[in-house]
Amino acid sequence: FPPSLQVFPSQDPLDRADFNAVEYINALFPTEQSLANIDEVVNKIRLKIRRLDDNIRTVVRGQTNVGQDGRQALEEAQKAIQQLFGKIKDIKDKAEKSEQMVKEITRDIKQLDHAKRHLTTSITTLNHLHMLAGGVDSLEAMTRRRQYGEVANLLQGVVNVLEHFNKYMGIPQIRQLSERVKAAQNELGQQILADFEEAFPSQGTKRTGGPSNVLRDACLVANVLDPRIKQEIIKKFIKQHLSEYLVLFQENQDVAWLDKIDRRYAWIKRQLVDYEEKYGRMFPAEWCMTERIAVDFCHVTRAELSKIMRTRAKEIEVKLLLFAIQRTTNFEGLLAKRFSGCTLADGTVKKPEVPPPSTNPFLEDETGAETDEIVMEKSDTDKPKKPKVPDNPFHGIVSKCFEPHLYVYIESQDKNLGELIDRFVADFKAQGPPKPNVDEGGAVLPSCADLFVYYKKCMVQCSQLSTGEPMIALTTIFQKYLREYAWKILSGNLPKTTSSSGGLTITSLLKEKEGSEVAKFTLEELCLICSILSTAEYCLATTQQLEEKLKEKVDTSLMERINLTGEMDTFSIVISNSIQLLVQDLDAACDPALTAMSKV
């Protein structure tokens, strides 16, 4: 379509670009009859032509002023654009001025904020300085008047305020105030130590002083001072408190020996009660002075007992040693009930290590086992499968001194076990072999149960005394007498035969000469062999359990040194020999029948 039709669409065929006059005339006069209206059609076309001419004429006349009007409109548009640019420039200038004004206002606000912050800091610092200066003056005055109650609160405040001036120490006045505070603290420390020295003199055993409100307030001041002042006060007070103990229980005194060890613990109990009544409120509760006195007493007692036992080592007997250990461990248990152990920071007391769980059947009745020599509290190492009890933080704090002398106990057990084995041998010879009982077969020898019951008793008792080297020494003793029991009681009582110890077979028996004879065992001898066999099997199983139990009792670092494999092998040899004897007797019993069969 031409552009005119795109702007002014028309359905008139005369407006089409591909107008065809012939087709148009044929459309107007399709038939000859329609030619009768030709004049009317011509008139319509002429009228339309005149209208088009009028329209063209009007349009041409209207376009004569268009150029002038367009130029005028263009000029007006240019003027409007210039005015718009001018307004935009004015707005931009005003915006720049507003931005500059905002920057100036913001800068002023920042300056005011900085000024306010500096002013607040200055006021706070001046207040702190005023408080520091006044506090130092008051502190010095109160120190001279020994007004420790007021000094305790004031000193803490002065120290806190002084921390704010750490960055101003370059100023001479601030540095001078800091030095005055340090001097006041040093003077307070020396003055408080002097007051305690005057109230509790270290020379002599008579206490001339006593508790007072001044000393109680002085302790509050010591909490704020250098910790060394507090430690010095505690050290001097405890040393003075225990000075009487060192005199009463000197090494050359009768009450210092182990048979009167109860008197040591009775003395400290009285002293602790006396301290609570007289001085309990003088020291702050967080100092734990009662526990500190008890702990220092334990350290002193351990040192004194170690020294006297080294001097009189030949006088130490087993019963005396066990008695002293029993009383000492009872005292340690009493300390654990009374105190928490919070002052045991030096690491001198080692908490017992927790062993792995055990399946040892001996645990079933161990909780009820008690010895005649010593009754001790059971620790969780004795009852792995029972509810665990809290560890005793004071365990070994005194009783550790007895460990170097436990060799006396080990030697005693060595002697007792030797006598026990000899008694077993004598009883066996006196009573003879067990009576035959076909229904029951071979019964376990009673001496075997007695031996392991005694072993269990010794093991529990020694583990309560020490879990270190003494347990290794006791294990060596156990190994020694397990071997002796195997050879003296079991192997030594097996019936003797003339044949070789090797086992016989049907084939070897058939190859024997007819004239050879093999010794046969009587019914009593067979019962004896079966009893020894059953006993050896019981000993083998129980020895394995004993090894596991010993490893539970001993320190973890020493577990590898406990090995009863050799003793278990010894019992295995006894079992093998017993079985060989029984097989040999069976071969001998079958000999006549086999001989007759071979002759058929």
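Glu40 is partly exposed, with a relative accessibility of 46% (buried means under 20% relative accessible area, exposed over 50%, partly exposed in between; 1.4 Å probe, protein chains only). This is a predicted model, in which local features need pLDDT of at least 70, side-chain atom pairs count only at pLDDT 80 or more, and totals for chains, interfaces and linings use all residues. Residues are numbered from 1 along each chain as its sequence is written, and side-chain values use heavy atoms, with hydrogens and water left out. The structure holds 18 salt bridges (a side-chain nitrogen of Lys or Arg within 4 Å of a carboxyl oxygen of Asp or Glu).

**View 1. Lys44 and Glu40 form a salt bridge.** Their closest N and O atoms are 3.9 Å apart. Both belong to helix H3 (residues 38-62), 4 residues apart, which means about one helical turn between them. Helices (H or I, at least four residues) are DSSP runs, numbered from the N terminus. Lys44 is exposed, at 55% relative accessibility.

**View 2. Arg483 meets Glu567 in a salt bridge.** The N to O distance is 2.5 Å. Arg483 sits in helix H15 (residues 469-490) and Glu567 in helix H18 (residues 565-599), so the pair ties together parts 84 residues apart in sequence. Glu567 is buried at 4% relative accessible area. Arg483 is partly exposed at 35%.

**View 3. Glu547 pairs with Lys551 in a salt bridge.** The closest N and O atoms lie 3.5 Å apart. The two residues are 4 apart in helix H17 (residues 523-553), about one helical turn. Glu547 is buried, at 10% relative accessibility. Lys551 is partly exposed, at 28%.
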